[in-house]
Amino acid sequence: MLLRRSLAAAVVVCLLLAGTGIGLTTAAPAPSTVRVSYLQRILSLDPHGSAGAERMSWIIGRHLYNQLVSWDYSAKRFQPQLALRWRNIDPTTWEFELRRGVKFHDGQGFTSAAVKTSLERVVAMKGPLAPLFAPVQSIETPDPYRVVIKTREPVGTLLSNLTILAIVPAGTPATPDFGDRPVGTGPFKFVEFVRDARLVLDANPSYWQQGIPRSQRVIFVDIPEVAARATAVETGEIDIAVGLPPEQMKRLRTTPNVTVEVGLTTLTRALWINAERAPFSDVRVRHALQHAINVNAITSSLVAGIATPSTSPIASNVVCYAKMPPISYDTALARKLLAEAGFPRGFETSVKWTVGNPKEREVSDAIVGQLALVGIRVHNLQQPRAIWLDDLLKLNWDFEISTTGGGTGDPDFTLRRLYHTRSKRTGWSNQEFELVDDAAASVNLQQRCAMYKRAQEILWDQGPAVFLFDPLESYAFRTSVQGFKAPPSEIFGVADVAVSP
Amino acid sequence: MLGFLARRLLAALVVVWGALTVIFVIVRVLPGDPAAVLLGTYATPQLIAEQRQRLGLNQPRPVQYVLFMRQAVLGDWGRSYYEGSGAMRLVLGRFPATAELALASLALTVGASLGLGSLAARRPHSGLDRAIETVSLAAQAAPNFWLGLVGILIFSRDLKWLPSFGRGGLWHLVLPSVTLSVQFIGLLTRLVRAGIVEMAGQDFARTARAKGLTELRVLVRHIYRNMLIPVVTMIGLQLGTLVGGVVVTETVFAWPGLGRLIVTAIENRDYPLVQAAVAFTAMIFVLTNLAVDAAYACLDPRIRYR
C-alpha cells in the first residue's frame, strides 16, 4: 500500500515538474525565427568584461550592439557603423562624426557620451580588451555627435580595435551586472538568457539600417555535443549549426534540406616551439622541425575540408597578410639539420595542448608520429584548460599547439601581442622583429603593411613555430534559411537572414 | 523523533561545513589560476595581477577562508567570477532542471525494476528469469553517452518521434530520463529479484499463502515490505548521484542541469560557484539520507529512532 502510494506520489510529482517545464519549450517554430547553435559556451553578455575577447561574445555583440566602424574584408577598408566619418587631426588625435537618430533599445538616443562611456568602461573592467584601449589618453565630446579621441602615442590599430568595441548607453557603470540585461543599438534586443540553454533576441524595429533585421527573433541554442548539433539541424529543430567536424559535414552534405558551407577565419593553428629552451634555441633545430612536419598530409586527412595549409604566420584574410614561400616536407633535410645541430639521434621532448579546437587530439597524434620519423620522441600531453593556460603563460612547455589570431583582424593582434620579445609568450626574441612597434605606431596602412610583411618573413624564416594551417569554420543550414552565406571571418551574424516558413 | 531530527540536522550542518572546508582547500590546491583562466590566452601579467586583486585572491588563504565562512553563514556565497549573478542563485536556478530529470528517471527506475524484478522472481531460473538477468546485466554495462547518442539517432533523426535536445515539455524528458535510467534499472532489477527470491521462502510468506491470500497480495503486502530496505538504500544513493553528477547525459542532450554547471565551474576555477554548488549538493545528500532513514521506520515498524 505504502509503496503503491509513494510510487503514485512520485509519478505525480514528476508530471507536475514536467508540466512546469512545458511553457519553457525551446525554439517555438514560429515563422521568421532563426535558431542558431552556439559555437562555445556563452560566458557573459557583457561585451567589456572578462569574456570580452571570447568568440561567442563577438558573435552576440554583432546582434546586440554596434561598433563605431567595421572592417570590410572584401573591400579591404573600414566601413561606417555608428561613426559616419573619421579623420586624423594629427597622429595622436582622431575625430569621429557620429550617426544621428540612432536609439538604444531602451529608447535613449545615441550620442557622443555613449562612446565616451564605452571607451572608459572597457578599460575600467580590466578584461582582456582593456590593453587595446589603454593608450587612449582622453575622450572629448565637443558636441553630441562628435567625439575626439586622443592617444598617448600614435596608435595605428585604433580603428581596428574600435571594430570590436561594443557601444553601450552613456552612464553604464563598470560592473558585470550590465550583462544580466544588456542594452545596445544593435539589430536585435535582449529578451532572455538561460545559461547553458539559450539566448533569445527580438528584432529591434527601429534599427537604423533599412531592411535589417530580416527576422523577428533569433534564438541561440546551446548544444554542446557536435553529433547532437548535426542531428538537430537535420531534424529541423535548429536552422543553422556552426562548428561541425569533417565527418558530420560529410554526412550533412548528402542530407536533403541541408546546405553545407565553409568560411574563412582569421585564425592560425601552429605548433609553438619554446625557443628559450635547449635544443630549440638553435635555429637549425627549429628549421628541422619545419621540414619534418607534413602539413599537407594533416590538412588533407584529419582536418580535410575545415582547414587550409598555412601560407604565413597570419591567416590569409588578416589585414596586411603576405604569402610566404612554401616549406618543403623533407625528412632527409630535417635529419641533416638535426645532425648539424648535434642531435643525429634526435631527442626527447613533449607537446602540450588542451581540448577546445576541433581535431586537436588527432593533429597532436599526427605531429608526434611524424616527428618520430626523424628521431624526435614526443610525449603527447593533453591538459585541462586551467593547467594548460598556467603552463602556457609561464612558458613551461617545449611544444604547444596554439591557435592564434582572431580578434580585430589586425596583424598587430597576433604579431606584436604574441611574438614581440616583450610579450614573453614563445621564448623567442628577434631584434629586427621589433619593427612591429613602429608598424603599430603608424597610422598609414600602406606603411604598416610593408613593415608587417617583413615581420611575417622573419617569423616564417626564424620559426618560433611550425605554422600548420588556417582553420575554416563550417556552417550547416536548412534550405529554408534565406540570405545566409559563410562570412569572411569566424564572426558571423544573422541580421540579414530570414527563414521561410 | 524530534530529538532525533534535531540531532540529525545538527550533524547535517557539520557535514556541509566539512564538505565546504574540504572543497575550499581542494580547489585552491589544484593547479591553475582563476585570474588566468578568466582572461584566457589574452592574459598579460598586469591583467592577471589586477584580476587577482579584484577577486580577492591575493589575500592569504586563511583570511580568504574566514571571510568565505563568515559570508556563507550570512547566506552570501559570493559571485561567480564570470558573471554578475550570485553563485548560489546560479546553482538554485539549475535545480529545477536537475530535479525534473532526477525524479523522472527515479520513477522510471523504480517502476521498471520492481516490475521486471518481480517478474523474474516468479519462477527463478526459468527462461524468463534468465532473459531478464541477461538484459539487466547488459543494461548495467551500457555506457550512457552511447545510449544517448543512439537514442537521438533512432528516435529523433530517423523516427522523428522525440526532440533531440534541450529542456521543454514532457517529450523532452523522455530520451534523457530513459538514458539515465537504463543502468540503474539493470542494477535495481537484480536487487529486487534477489530480495523477492530470498523472502518468498520465508515462514511469513508461507503463512500468508496458507491464509489463502493470492500470490499478488503476498507479494505486495508481505514480501515487498520485507525486501524494500536494501532497495530504498540503493534508491537513496542513486538520487544523490542523479542530483550531483549526470554531466554526460546533460551534455549529450544539452540539458541545463547542475552537473554541467559544476564541471564548467571546476574547469574554470570559479571558486565561489564550486563552493556554492558543493554546499548545495551536500545538503541534498544529507536530506536524502534523512529521508531514507525515515523510510526505514515506515517500512519496518521494528525500527524506531529516538
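Predicted model: local features only at pLDDT ≥ 70, side-chain atom pairs only at ≥ 80, totals over all residues.
Strands (E, at least two residues) and helices (H or I, at least four) are DSSP runs numbered from the N terminus. Residues are numbered from 1 along each chain as its sequence is written, and chains are lettered from A and ligands numbered from 1 in the order in which they are written. Local features need pLDDT of at least 70 and side-chain atom pairs count only at pLDDT 80 or more, whereas totals for chains, interfaces and linings use all residues.

A:Leu267, A:Arg269, A:Leu271 and A:Ile273 point one way from β13(A), while A:Thr268, A:Ala270 and A:Trp272 point the other way, and all are buried. Two strands are taken to pair if DSSP finds at least two bridges between them. On this criterion β13(A) runs antiparallel to strand β17 of chain A (residues 399-405), to which it is joined by seven bridges, and A:Thr268 has A:Thr404 as its bridge partner in β17(A). Four bridges, also in the antiparallel sense, pair β13(A) with strand β18 of chain A (residues 465-471), where the bridge partner of A:Trp272 is A:Ala465.

The domain assignment of chain A gives domain 1 (2-65 + 186-264 + 473-499), domain 2 (69-177) and domain 3 (267-471), the bounds coming from an automatic or database domain assignment. Between domain 1 of chain A and domain 2 of chain A, 17 residues of the former are in contact with 17 residues of the latter, where contact requires that the C-beta atoms, placed from the backbone, lie within 7 Å. The side of domain 1 of chain A that touches domain 2 of chain A divides into six nonpolar, nine polar and two charged residues; in this classification Ala, Val, Leu, Ile, Met, Phe, Trp, Tyr, Cys and Pro are nonpolar, Asp, Glu, Lys and Arg are charged, and the others, Gly among them, are polar. According to an unreviewed UniProt entry, the annotation "domain: Solute-binding protein family" covers residues 78-423 of chain A; such annotations, given in the numbering used here and with feature names shortened, may be inferred rather than shown by experiment. Over residues 78-423 of chain A the chain is 28% helix and 25% strand, with the end C-alpha atoms 28 Å apart. A:Arg181 lies in the loop between α5 (158-162) and β8 (188-194) of chain A, and A:Arg181 counts as exposed because it has 12 C-beta neighbours inside 10 Å.

The secondary structure of chain B comes to 13 helices and zero strands, and the C-alpha trace of chain B spans about 80 × 60 × 30 Å along its principal axes. Of the 306 residues of chain B, 42% count as buried, and among contacts in chain B between residues at least 6 apart in sequence, 71% join residues at least 24 apart. Chain B is assigned domain 1 (16-87) and domain 2 (93-299), whose centres, taken over C-alpha atoms, are separated by 36 Å. In the contact between these domains, 16 residues of domain 1 of chain B meet 14 residues of domain 2 of chain B. On the domain 1 side, α1 (2-29) and α2 of chain B each supply at least two residues, and the largest share, six residues, comes from α1(B). By class, this side has twelve nonpolar, three polar and one charged residues.

The contact between the chains takes 54 residues from chain B and 52 residues from chain A. Several helices of chain B each supply at least two residues of the side that touches chain A, including α8 (170-200) and α10 (215-244), but the largest share, eight residues, comes from α5(B). The side of chain B that touches chain A has 29 nonpolar, 14 polar and eleven charged residues.

When residues up to four places away in sequence are not counted, B:Ala277 touches B:Val91, B:Leu258, B:Leu261, B:Ile262 and B:Ala265.

How values were computed: Contact = placed C-beta atoms within 7 Å. Buried ≥ 20, exposed ≤ 12 C-beta atoms within 10 Å, placed from the backbone.
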